Amino acid sequence: MPLKIIICGGGIGGLSAAGYLRAKHDVTVLERGALDFAADDYGLSVVANSFNLLQKAGIKSENLDMVIMTHVWMRDSNNKELSTKHFDTRARFGGAPSVLLKRAKLQQELMRFATSAEFAGTPAEVIQGAKVTRVDALAGKVWTKDGRVFEGDLIVGADGIYSIVRSAVLGGQDTCISSTIRSYDTMTFMTQLSIDDLQSDPNFAYLSSPTSQAGLCSIQSGPGVKNKRILTYHTSPHSLQVVGYTSENEFAGEFESAKTAIIRDIPVSRVVEDFATHFTDSVVNLFRHNKIDAWRIRDVAPLDSWFSGKALLIGDAAHAVSPHAGQGCNITIEDAEALGFLLRDVESSEGLPVALQMFMSLRKARVDFITRRSRELGDIRTDEDKTKEPITPEKFAREVYTYQGAEQALRAPKPPASGISQ
């Protein structure tokens, strides 16, 4: 008999989980807002470890308006070449490609995965405008702002870093939401521009043909300059995202008072002020083409458990990670696939405790490994991180990009806990 599963959140994690779980169970997704797949959204990387899972599930590449990642460039503050490396996970590991795309495009395809009759099982019901205000983890109940009550055998919290479900899992206090979130006096200025805007500048010829070579460029500040770096990466055959890392400065108070991680429409002059003394004009001018937003860098402190009673956390709700390793959405998709696999034969709520404990055993050490490496890359290591040997790029690539899903992971020998704990 299928379980009745309520998923809080209709983002990448929620729709991925709905797609995998609907094969065997009855799924309802509660999304607080309206899903807008036409939005000119920001970009992200879907790396081989999760893209291979999506390919196996039936996601269609032609629906994603994506580019395949082939290169990683390192440049100095004057945009002079430091190194150029090929990054092709197909050639290196014999598996899936790693791709760059807009979040909205991926979310739209995951909506098809969750709701189209093309896939196995009963299509999930996705209810938009259903803002969750309260969760009872023991009873398996969810209340929404408009007064509706939903009840299920399992509540999946895919509701992001400010997760209401996490509060329920941790004991129900409102303070549980904010007290588990960490910030590091680091933020980014983020903007986008079209490839056409680049093609007039020969300094960026290496970025101007994403259908033949696409990837990520890290532009480094000079010696002795801390917390200043600019990243660029393609988000489609036609667009590039620009991300400038810097300190929070006066934005720290605004983030806190507005209880937000995003501040919209930053004046170009403010961004230029931050980067002009550290980078050549052509690099700084990348911020002059479109609107600019400020994004706070945060993660979630490690939780002892991601479930309680009938409620389980996945994705950012369980383990939000800083963006430096480019793995946030990827480990979320891994969570969704693992949950679908582990619940495939569970036919009653009596089988859930064992399955959820197995989910924790399967996922937590891997997530801890990835989140620690992300902090290392962002130079935001915790005191505990500093007691451990840094994770090498080769070890990270081998353990992360070769992932083949929950079934294979369950058969693999368990590594020593001390090797990848947080």
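Student: Happy to start with helix α13: what is the kink in α13 centred on?

Tutor: In this predicted model, the kink in α13 is centred on R363 and comes to about 30 degrees.

Student: What makes α13 mostly covered?

Tutor: Count its buried residues: 19 of the 26 are in that class. Just after this helix comes D379, with a positive phi of about 55 degrees.

Student: Why is F341 called buried?

Tutor: Buried means under 20% relative accessible area. F341 has 16%, so the word buried applies. You will find this residue in helix α12, which runs over residues 328–342.

Student: Which residues does F341 touch, leaving out those up to four places away in sequence?

Tutor: F341 touches A406, E407 and L410. As for P323, 18 residues from F341 along the chain, the two C-alpha atoms are separated by 27 Å.

Student: How confident is the predictor in the protein chain, going by pLDDT?

Tutor: The mean pLDDT is 94, and 97% of the residues reach 70 or more. Take care with residues 416–422, though, where the pLDDT is below 50. That stretch has 19 contacts in the model beyond near neighbours in sequence.

Technical notes. Residues are numbered from 1 along each chain as its sequence is written. This is a predicted model: local features need pLDDT of at least 70, side-chain atom pairs count only at pLDDT 80 or more; totals for chains, interfaces and linings use all residues. Side-chain values use heavy atoms; hydrogens and water are left out. pLDDT is the predictor's confidence in each residue, from 0 to 100. Contact means heavy atoms within 4.5 Å. The bend at a residue is the angle between axes fitted to the seven residues ending there and the seven starting there. Helices (H or I, at least four residues) and strands (E, at least two) are DSSP runs, numbered from the N terminus. Buried means under 20% relative accessible area, exposed over 50%, partly exposed in between (1.4 Å probe, protein chains only).
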